[in-house]
Amino acid sequence: MTQEEVIKVVEPDKSPFLQFIVWLWSGSRYSGLLCMVLSSIIYSTMGVVSDVFTAQSVPLFEIAFARCTVVLVLSFVWLRKSGQPIFGPTSARKLLVLRALTGYISLMSFIYSIQRLPVSQAIILSFTAPIMASTVARVTLHEKLKIAEIGGLASSFFGLLFIFQPMVKPQGTFPSSIEASESHSNGKHHIFAVLVGLFSSTATGVTYCLTRAGAKAADQPVLPVFSFVLLASPAAAMSTFSFESFVLPSFFSFLLMAVLGVLAFFAEITLARGLQLEKTSRVANIQFIEAALSQFLGMGSSRIIPSFGRLFGCIIILISACCTMYIGPEKEIE
């Protein structure tokens, strides 16, 4: 999307903030990486806002439905205001449909895994998605993976492991036969949930590649987002009534879901813009900033107790991301 199209969506203004947004979106040298940084900041802010202000327990599918519906409305308005075709050019529609399908499969499997795994394990599994995306991009998009990029992804994931160190279960006495049987059964369910989490991360990696391909083919990063929520919103609504009990949200919960939906919209379109402009492995490494920022914001709000492991992991991630920014983006030769 060109700078002129951005100005059509956002009313012209001389404010420095708007000038920065236009520059960020217009495809300058560091736009792709900075869009991913902004997306990570928004996602980490969403996590803090959700943790601090949530006062009512709402089922995950219902939350997904509300968020996808808000993103759907805002994406539709964006495309109409910018004069873009709602379903994109014919040449990009197969990519957009595939992006929608893989995105929803990833969402469903992530919800399944996060309901059955400890939060730290679910987060670690979800953050294998950048590694999966870089691997899939190497195979499908024929992007070259340099040693520095592999090292950056490995360093960031290593820092993530420091942040979410697994809890070691203390050893006790020998279990009885009934306890051993229950433990074996629970172990099977746990392994299956881990496999579903890995599948979700793989599907997310494929989704990133399809988002990049679809955004480049349509020359519009909002279209992959719109195609996903066009499928995910009604599907999440059906899942809400099929698998969970509908909970009528209070006014405050409804307002909170609407705010988080708006933030999700901006996080999604900046992520898609980053993927459109920049090499997948570089953008993927920047995504780890979300984990570090979430920790810093949690420590600042006294929700997370600072520890050496957490701080060390955050520092590793930030150093890795800064190295990615310092090396600079690679511009494709058209």
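Me: How many disulfides does the count come to?
Reply: The count comes to zero disulfides, and please keep in mind throughout that this is a predicted model.

Me: What about Cys322, and how far away is the nearest cysteine sulfur?
Reply: Cys322 takes part in no disulfide, since the nearest cysteine sulfur belongs to Cys323 and is 7.1 Å away, whereas a disulfide needs the two sulfur atoms within 2.5 Å.

Me: Is Cys322 buried or exposed?
Reply: Cys322 is exposed, with a relative accessible area of 51%, whereas Cys68 has a relative accessibility of 7% and therefore counts as buried.

Me: Which residues of helix 4 are buried along with Cys68?
Reply: The buried residues of helix 4 include Phe61, Glu62, Ala64, Ala66, Val71 and Leu72, and Ser75, Trp78 and Leu79 are also among them.

Me: What should helix 4 span, going by its residues?
Reply: With 22 residues at 1.5 Å a residue, helix 4 should span 32 Å, and its end C-alpha atoms are 32 Å apart, so the two values agree. Just after helix 4 comes Gly83, which takes a positive phi of about 75°.

Me: Changing topic, what is phi of His142 near?
Reply: Phi of His142 is near 60°, which is a positive value in a residue other than glycine. Most residues other than glycine have a negative phi. His142 is found in the loop between helix 7 (129-140) and helix 8 (147-163), and its relative accessibility of 62% means that His142 counts as exposed.

Me: What about phi of Asp219?
Reply: Phi of Asp219 is near 55°, again a positive value in a residue other than glycine. Asp219 is found in the loop between helix 9 (177-218) and helix 10 (222-243), and with a relative accessible area of 44% Asp219 is partly exposed.

Me: Zooming out, how many helices and strands does the protein chain have?
Reply: The protein chain has 14 helices and zero strands. Of its 334 residues, 46% count as buried.

Me: And the contacts: what share join residues at least 24 apart?
Reply: Among contacts between residues at least 6 apart in sequence, 87% join residues at least 24 apart.

Me: Last one, what does the accessible surface of the protein chain come to?
Reply: The accessible surface of the protein chain comes to about 17,500 Å², and 70% of that belongs to carbon and sulfur atoms.

How values were computed
Residues numbered from 1 in each chain as written. Predicted model: local features only at pLDDT ≥ 70, side-chain atom pairs only at ≥ 80, totals over all residues. Heavy atoms only, no water. Helix = DSSP H or I, 4+ residues; strand = E, 2+ residues; numbered from the N terminus. Buried < 20%, exposed > 50% of the residue type's maximum accessible area, 1.4 Å probe, protein only. Contact = heavy atoms within 4.5 Å. Areas by Shrake-Rupley, 256 points an atom, 1.4 Å probe, with all protein chains shown as cover. Expected span 1.5 Å × (residues − 1).
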